[in-house]
Amino acid sequence: MPERKEVPMNHEKIKQAVQLFLEGIGEDPEREGLQDTPRRIADMCGEIFGGYGQEAGGHLSRTFSSEVGGMVVERDIPFYSVCEHHLLPFFGKVHIGYIPDGRVVGLSKLSRTVEVYARRAQIQERLTDQIADAIMTELRPKGVMVMIEAEHLCMSMRGIQKPGTKTATCSAKGMLEKDSSRQQLFMKLIGR
């Protein structure tokens with residue numbers, strides 16, 4: 001899947017949109033507590049949507065030779081993202097396991113890969129696949145498995161209003177796609 005090209009964030013448009021939003025919900029954007037809110041939201045967008053200007057390949061390109069034949073697992077990587085349907089946060093943990101094929105990557109690079117894709121307007125299913133695809137493309141392991149467990153505020157705060165509900169998604173690529181014994185090992189190693 002091709003990476004998106006960096007699109008400069010338009011802070012002026014974001015500020016205008018926030019001003020209109022405040023007016024739309026019946027607020028006075030000139031009220032003391034809200035006067036600087038459009039700028040604060042524009043600045044915040046630079047942080048929480050910063051993944052559009054990044055590519056995972058930059059983080060995964062530096063690898064090291066390794067004769068490791070077993071599974072490498074990094075679990076409980078915290079993440080925060082924003083649901084593209086309601087623009088409300090969803091957050092949780094990402095678990096990544098891969099079977100190297102002669103090369104490994106520094107463990108912090110797996111967490112950085114999660115951040116690249118989490119810092120975009122997202123759906124959890126796509127996020128799971130994007131992480132797995134990036135690892136397969138850049139590391140070329142024998143197989144990779146990614147599992148995400150997340151709470152979606154669009155389910156907790158509105159609609160069905162069921163706080164604490166978690167959604168789990170999983171993506172398996174390469175030899176892990178059909179190897180049920182290694183899938184079970186991954187689940188055991190992440191404590192599931």
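Leucine 87 sits in the loop between S2 and S3, where helices (H or I, at least four residues) and strands (E, at least two) are DSSP runs, numbered from the N terminus. This is a predicted model, in which local features need pLDDT of at least 70 and side-chain atom pairs count only at pLDDT 80 or more, while totals for chains, interfaces and linings use all residues. Residues are numbered from 1 along each chain as its sequence is written, and side-chain values use heavy atoms, with hydrogens and water left out. The chain has seven helices and seven strands, and from the N terminus on its elements run α-α-α-β-β-β-β-α-β-α-β-α-β-α.

**The chain as a whole**

- Taken along the principal axes, the C-alpha atoms of the chain fill a box of roughly 65 × 35 × 25 Å.
- Buried residues make up 39% of the 192 residues in the chain, where buried means under 20% relative accessible area, exposed over 50% and partly exposed in between, with a 1.4 Å probe and protein chains only.
- Among contacts (heavy atoms within 4.5 Å) between residues at least 6 apart in sequence, 70% join residues at least 24 apart.

**Nonpolar cores**

- A nonpolar core is a set of buried Ala, Val, Leu, Ile, Met, Phe, Trp, Tyr and Cys residues joined through side-chain atoms within 4.5 Å; of the 28 residues in the largest one, Phe79, Val94, Ile96 and Ile131 touch the most other members.

**Phenylalanine 79 and its aromatic partner**

- Phenylalanine 79 is buried, with a relative accessible area of 1%, and, leaving aside its neighbours within four places in sequence, its contacts include Phe90, Val94, Val114, Leu127 and Ile148.
- A search of the whole structure finds two aromatic pairs, for which rings of Phe, Tyr and Trp (its six-membered ring) must have their centres within 6.5 Å, with planes under 30 degrees apart counted as stacked, over 60 as edge-to-face and the rest as tilted.
- In one of these pairs, the rings of phenylalanine 79 and phenylalanine 90 have their centres 5.8 Å apart and their planes at 75°, so the pair is edge-to-face.
- This pair links distant parts of the chain, with phenylalanine 79 in strand S2 and phenylalanine 90 in strand S3, 11 residues apart.
- Phenylalanine 90 is likewise buried, at a relative accessible area of 1%.

**Helix H5**

- The expected span of a helix is 1.5 Å times one less than its number of residues, so the 16 residues of H5 should span 22 Å, which agrees with the 23 Å between its end C-alpha atoms.
- Among the buried residues of H5 are Leu127, Gln130, Ile131, Ile135 and Leu139.
- Glutamine 130, which lies in helix H5, has a relative accessible area of 11%, and its side chain is joined to that of glutamine 122 by a polar contact of 2.5 Å.
- A polar contact is a pair of N or O atoms within 3.5 Å; within protein, one must be able to donate a hydrogen and the other to accept it, and residues adjacent in sequence count only if both atoms are side-chain atoms.

**Cysteines**

- A search of the whole structure finds zero disulfides, a disulfide being a pair of cysteine sulfur atoms within 2.5 Å.
- The sulfur of cysteine 154 is 4.1 Å from the closest cysteine sulfur, in cysteine 83, too far for a bond.
- Cysteine 83 is buried, with a relative accessible area of 6%, and cysteine 154 also counts as buried, at 11% relative accessibility.

**Positive phi values**

- Leucine 87 has a phi near 55°, a positive value in a residue other than glycine, and is exposed, with a relative accessible area of 58%.
- Aspartate 76, found in strand S2, has a positive phi of about 60° although it is not a glycine, and at 27% relative accessibility it counts as partly exposed.
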